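Colleague: I'd like a close look at one part of this model, and then its surroundings. Please keep the account connected.

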Amino acid sequence: MEVHHHTHTERKKLTHYVWEFLMLFLAVFCGFLAENFRESLVTKEKAHQYMENMVADLKDDVAAFDTAAHYTQLWHDHLDTALKIPIDRLRNINSQDTFFYHFYPFYSWVLYIDQSDNTISQLKAGGFNLIHDKNTIDSINAVNGFYKGVKFTVDFNVTAYWDAIKKAQEIMKLPSPAIVIEDAIPRSILTNTEIFMHYDEQAIQQLYNKLANAKASLMTSVIFEKQYREKAARLCDYLQRKYHIK
């Protein structure tokens, strides 16, 4: 006679399945939290890196626009002195030499300055999505927006410069411009050197008109460059404080 042994397996209780489900759920949920936390850290680090780069760009701008405003003011003042010499006095060679001394800085160096825009370009390309502080975004955009006005005045300066220089080349004997900006101001006034190839009062008046236009443009640039420098410096200080950047 065959004897059959029956094994009886104990049925798992419902609570056991519930517990297994909870353990699985907690494992997945904790993994999700860990991944989310990691992504948050990465985002925060990237945002901080953007702000560090922005501070570096702003520091470059502060230094560059400070120098630009200094020389733009200097060129303006020299042109102003040159234009105070009456045209009829330019028949005198000594007066021509004095005129040239004050004209030479403007002639030697066209002042063109550009914004350090590497970081702002990256922010506009998607980096702003990592910056969650609205005031920071608005402050950066405000300074960048103001720069557009600065660039307009600088571009106008370049146009006014070439307009005046082309006229000067028609009626003046001009030497080579200075190689470095520090040499743009002559160390001494020329002596008994005829600058104008011929005395043509109408042509010289046209030159004066173009130089007067350039002088006014330079003064506008000085104002805008100084304002941009101040705005950039304030934004730099704000970002350094907010993001603890040295």
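Which residues does S217 touch, not counting residues up to four places away in sequence?

Modeller: S217 touches T153, F156 and N157, once residues up to four places away in sequence are set aside. Contact here means heavy atoms within 4.5 Å. This is a predicted model, where local features need pLDDT of at least 70, side-chain atom pairs count only at pLDDT 80 or more, and totals for chains, interfaces and linings use all residues. Numbering runs from 1 along each chain as its sequence is written, and side-chain values use heavy atoms, with hydrogens and water left out.

Start with the setting of S217. It lies in helix α5, which spans residues 201-242. Helices are DSSP runs of H or I with at least four residues, strands are E runs of at least two, and both are numbered from the N terminus. S217 is buried, with a relative accessible area of 6%. Buried means under 20% relative accessible area, exposed means over 50%, and partly exposed is in between (1.4 Å probe, protein chains only).

Now cross to N157, one of the partners of S217. N157 lies in helix α4. N157 is buried too, at a relative accessible area of 8%. The contacts of N157 are S217, L218 and S221, leaving out residues up to four places away in sequence. The side chain of N157 also reaches the backbone nitrogen of L218, at 3.4 Å. That pair meets the rule for a polar contact: N or O atoms within 3.5 Å, one able to donate a hydrogen and the other to accept it within protein, with residues adjacent in sequence counting only if both atoms are side-chain atoms.

Step back along α5 to A214. A214 also has its place in this helix. A214 counts as buried because its relative accessibility is 2%. F156, which S217 touches, is 8.8 Å from A214, C-alpha to C-alpha. In sequence, A214 and F156 are 58 residues apart. A214 is in contact with L79, F106 and A160, with neighbours within four places in sequence left aside.

The largest nonpolar core has 33 residues. Such a core is a set of buried Ala, Val, Leu, Ile, Met, Phe, Trp, Tyr and Cys residues joined through side-chain atoms within 4.5 Å. F106 is among those with the most contacts inside this core, along with F99, F103, M172, F196, L207 and L211. Two or more residues each come from α1 (14-83), α2 (93-108), α4 (134-171) and α5. The largest share, 7 residues, comes from α5. F99 touches A82, I85, L90, M172, F196, L207, Y208 and L211, not counting residues up to four places away in sequence. Another core, of 30 residues, lies apart from this one and includes Y50, I137, V143 and I245.

13 of its 16 residues are buried, so α2 is largely enclosed by the rest of the structure. α2 bends by about 35° at H102, and P105, a proline, follows within four residues. The bend is the angle between axes fitted to the seven residues ending at a residue and the seven starting there.

Most residues other than glycine have a negative phi. N192, which is not a glycine, has a positive phi of about 50°. N192 has its place in the loop between α4 and α5 and is exposed, with a relative accessible area of 57%. H244, also not a glycine, has a positive phi near 55°. H244 lies in the segment after α5 and counts as exposed, at 69% relative accessibility.

Finally, the chain as a whole. It has 5 helices and 0 strands, in the pattern α-α-α-α-α. Of its 246 residues, 37% count as buried. Among contacts between residues at least 6 apart in sequence, 89% join residues at least 24 apart. The pLDDT, the predictor's confidence in each residue from 0 to 100, averages 86 over the chain, and 83% of the residues score at least 70. Among the elements, α5 has the highest mean pLDDT (96) and α1 the lowest (80). S217 therefore sits buried, at 6% relative accessible area, in the element with the highest mean pLDDT.
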